[in-house]
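Subject: Structure handover

Hello,

Here is the structure I promised to pass on. Please open it alongside this note. My findings follow below.

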Amino acid sequence: MRFVIAALYACGCVDLSEPPGWVAAGDYINTAVECRQTADPGACERIRTAWDRNYTDALSGSYDAQRTISFCLSTGCEQAIREDRTLGCAWRLVISGSGHPEAGETDTADRAHFCGPDMLDQQARTEAQAQSETLLKMLRKTS
């Protein structure tokens with residue numbers, strides 16, 4: 001059985017980097033933009049290079065990685081990541097709902113900003129709340 005799993009992984013037939021049910025990290029890369037076309041190509045490349053690790057760490061419960069994922073989804077991070085403000089807000093709600101001991105006033109301010117009316121309308125905020133509840137359930141299953 002181990003041989004079969006190893007063979008499937010080696011051929012690229014399965015992706016074991018994300019737990020089942022999670023969107024693959026690469027699906028969030030903004031393929032509509034090449035980094036060399038951005039204002040800061042180096043930053044764009046660094047963000048894309050670190051994205052898989054940050055995403056995997058966020059799914060493992062890392063506070064810092066969850067903050068990074070949330071920020072990049074909300075802002076696009078130098079156009080490296082496909083912007084999804086609703087999902088970015090959902091991750092902010094995950095941070096506040098996870099009980100991270102590191103969480104503090106900055107996270108409260110970030111949640112107010114990235115989930116606030118300047119970034120999202122009421123429908124998007126309602127959707128973000130529902131997404132955060134799903135994310136928290138999924139995170140508890142993988143922890």
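**What is in the model**

The protein chain has six helices and zero strands. Helices here are DSSP runs of H or I with at least four residues, strands are E runs of at least two, and both are numbered from the N terminus. Along the sequence the pattern reads α-α-α-α-α-α.

A word on the source: this is a predicted model, in which local features need pLDDT of at least 70 and side-chain atom pairs count only at pLDDT 80 or more, while totals for chains, interfaces and linings use all residues. Residues are numbered from 1 along each chain as its sequence is written, and side-chain values use heavy atoms, with hydrogens and water left out.

Of the 143 residues in the protein chain, 38% are buried. Buried means under 20% relative accessible area, exposed means over 50%, and partly exposed is in between (1.4 Å probe, protein chains only). Now take the contacts between residues at least 6 apart in sequence: 63% of them join residues at least 24 apart. Contact means heavy atoms within 4.5 Å.

Two packed helices are described by the angle between their axes and the distance between the axes. Axes are lines fitted to C-alpha atoms, for helices over the stretch in contact, and angles run from 0 to 180 degrees between N-to-C directions.

Start with helix 3 (residues 63–75) and helix 4 (residues 85–97). They pack at about 155°, with axes 7 Å apart. That angle makes helix 3 roughly antiparallel to helix 4. The cut-offs are these: under 35 degrees is roughly parallel, over 145 roughly antiparallel, 65 to 115 roughly perpendicular, and the rest oblique. The crossing of helix 3 and helix 4 is left-handed. That term applies if the near helix is turned anticlockwise from the far one by less than a right angle; clockwise is right-handed.

Which residues of helix 3 and helix 4 make the contact? Helix 3 brings Tyr-63, Gln-66, Arg-67, Ile-69, Ser-70, Phe-71, Leu-73 and Ser-74. Helix 4 brings Arg-85, Leu-87, Gly-88, Cys-89, Trp-91, Arg-92, Val-94 and Ile-95. By class, this contact has nine nonpolar, four polar and three charged residues. Ala, Val, Leu, Ile, Met, Phe, Trp, Tyr, Cys and Pro count as nonpolar, Asp, Glu, Lys and Arg as charged, and the others, Gly among them, as polar.

Tyr-63, Arg-67, Phe-71, Ser-74 and Thr-75 of helix 3 meet Thr-106, Asp-107, Asp-110 and Phe-114 of helix 5. The contact divides into three nonpolar, three polar and three charged residues.

Asp-107 deserves a look. It sits in helix 5 and is buried, at 8% relative accessibility. Beyond residues up to four places away in sequence, Asp-107 touches Tyr-63, Arg-67, Arg-92, Ile-95 and Glu-102.

Gly-99 is exposed, at 57%. Its C-alpha atom is 9.8 Å from that of Tyr-63, 36 residues apart along the chain.

Most residues other than glycine have a negative phi. Cys-77 is buried, at 9% relative accessible area, whereas Glu-78 is partly exposed, at 37%.

Best wishes
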